[in-house]
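Subject: Handing over the structure

Dear colleague,

I am passing on the structure we spoke about, together with some notes on what turned up in it. Please look it over first, and then read on with it open beside you.

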Amino acid sequence: MFDEIGTWTEIKLEILQKYLPAYTKILARRTGLRFAYVDAFAGSGVHRARRTGELVPGSPMRALKTVPPFHRQWWIDLDGDKVDQLRALPEVQARGEVEVVTGDANEVLLERVFPHLRYEDYWRALCLLDPYGLHLDWGVIETAGRMKSIEIFINFPIMDANRNALWTQADRVTDEARARMTAIWGDDSWRRVAYSEQGTLFGAAEAVKLGNREVVAAFRNRLSSVAGFKFVPQPLPMRNSSNADVYYLFFASQNAVGGRIVEEIMAKYRGRGVV
């Protein structure tokens, strides 16, 4: 059984595949550096395109085939069946640099993976954070930024945020949904970002929900000002067939060259009517 993916996921995979060899080629030229790929929500390795019905290699398989190759890879997923599918892949069994892990990515990254990727130990890493919804903790993002050795692609799940936490009637949002939004944001400042206090005809203040643009701009600012990434290009909106925003694909890095390459890649997808 393969997960069905929409066009926005196919585009994300295309962007990743274009960046992976550029990333490893740059680092391979630098003597003494080792570099890793980390997939925090890896899935089963293969998907089925909803648009065509064809099988589509997932992000782990694309990273595995990157040339020059990564020195180490970690693939993480909470779903044990998907992890079993990854481990059963012949390519994985034939390669010793891949570690497939079952568990909560938030815990696995901070406790088991990131400690291996310290800047002072001459490690560099590219980490894909593609949560299934509001299931990513800000601590992972901020730790990656402070380590200086890790670049990230992150799909910010704006549709899930709108469905669960960013309601027009803010007082009706559940405590659980607020907690999930706070976890991915890092604090409750998202409330001030997502809502504006406006006066009514009777003089009373009323919280008015703002649009995706304000929320996404504020999250981008947090990646630079709070997490400490030096280069955070404008994210790419990923839209479904109804033209609704599903995710915003962010890239964050300490490296100007990486930022410029990703900007050039993303520029080819903007305004094409598919995202």
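Before the first finding, one term is needed: rings of Phe, Tyr and Trp, with the six-membered ring taken for Trp, count as a pair if their centres lie within 6.5 Å, and a pair is called stacked when the planes are under 30 degrees apart, edge-to-face when they are over 60, and tilted otherwise. Please also keep in mind that this is a predicted model.

By that criterion the structure holds 13 aromatic pairs. In one of them, the ring centres of Y19 and F153 are 5.7 Å apart and the planes stand at 80 degrees, which is over the 60 that edge-to-face requires, so the pair belongs to that class. Y19 belongs to helix 1 and F153 to strand 8, and 134 residues separate them in the chain, so that this pair links distant parts of it. Is Y19 buried or exposed? With a relative accessible area of 2%, Y19 is buried, and F153, at 3%, is buried as well. Y19 also pairs with F251, the ring centres being 5.4 Å apart and the planes at 70 degrees, so this pair too is edge-to-face. Because Y19 is in helix 1 while F251 is in strand 12, this second pair ties together parts that lie 232 residues apart in sequence. F251 counts as buried, its relative accessibility being 1%. Taken together, ring pairs join Y19, Y23, F35, Y37, F70, F153 and F251 into a cluster.

Aromatic rings also have charged side chains over them: R124 lies over the face of Y119, 3.8 Å from the ring centre, and R222 lies over the face of W138, 4.7 Å from the ring centre.

In what order do its strands run? It is an open sheet of seven strands, ordered 6-5-2-7-8-12-11, and the pairing is mixed. Strand 6 (98-102) and strand 11 (236-239) are the edge strands, each pairing on one side only, and from one strand to the next the twist averages 15 degrees.

Helix 1 (residues 7-28) lies across strand 2 (34-39), strand 7 (123-129), strand 8 (150-156), strand 11 and strand 12, and runs at about 180 degrees to strand 7. Helix 5 (residues 105-113) packs on the sheet and touches strand 2, strand 5 (72-77), strand 6 and strand 7, while its direction makes about 150 degrees with that of strand 5.

Helix 6 (residues 138-147) is mostly covered, with seven of its 10 residues buried. After helix 6 comes K148, with a positive phi near 70 degrees.

A few single residues complete the picture. E10, which lies in helix 1, counts as buried because its relative accessibility of 12% falls under the 20% limit. The side chain of E10 makes a polar contact with the side chain of R51 at 3.2 Å, and, apart from neighbours within four places in sequence, E10 is in contact with I5, A49 and R51. P57, found in strand 4 (residues 55-57), has a relative accessible area of 37% and is therefore partly exposed. With neighbours within four places in sequence set aside, P57 is in contact with L13, G45 and R62, whereas the C-alpha atoms of P57 and Q234, 177 residues apart along the chain, are separated by 26 Å. G80 lies in helix 3 (residues 80-88) and, at 28% relative accessibility, counts as partly exposed. Between G80 and F70, 10 residues apart in sequence, the C-alpha to C-alpha distance is 25 Å.

With best wishes

Definitions and conventions. Residues numbered from 1 in each chain as written. Heavy atoms only, no water. Pairing = 2+ DSSP bridges. Helix = DSSP H or I, 4+ residues; strand = E, 2+ residues; numbered from the N terminus. Axes fitted to C-alpha atoms, helices over the stretch in contact; angles between N-to-C directions. Contact = heavy atoms within 4.5 Å. Buried < 20%, exposed > 50% of the residue type's maximum accessible area, 1.4 Å probe, protein only. Polar contact = N/O pair within 3.5 Å; in protein donor to acceptor, adjacent residues only side chain to side chain. Lys NZ or Arg CZ within 6 Å of the ring centre and 35° of its normal.
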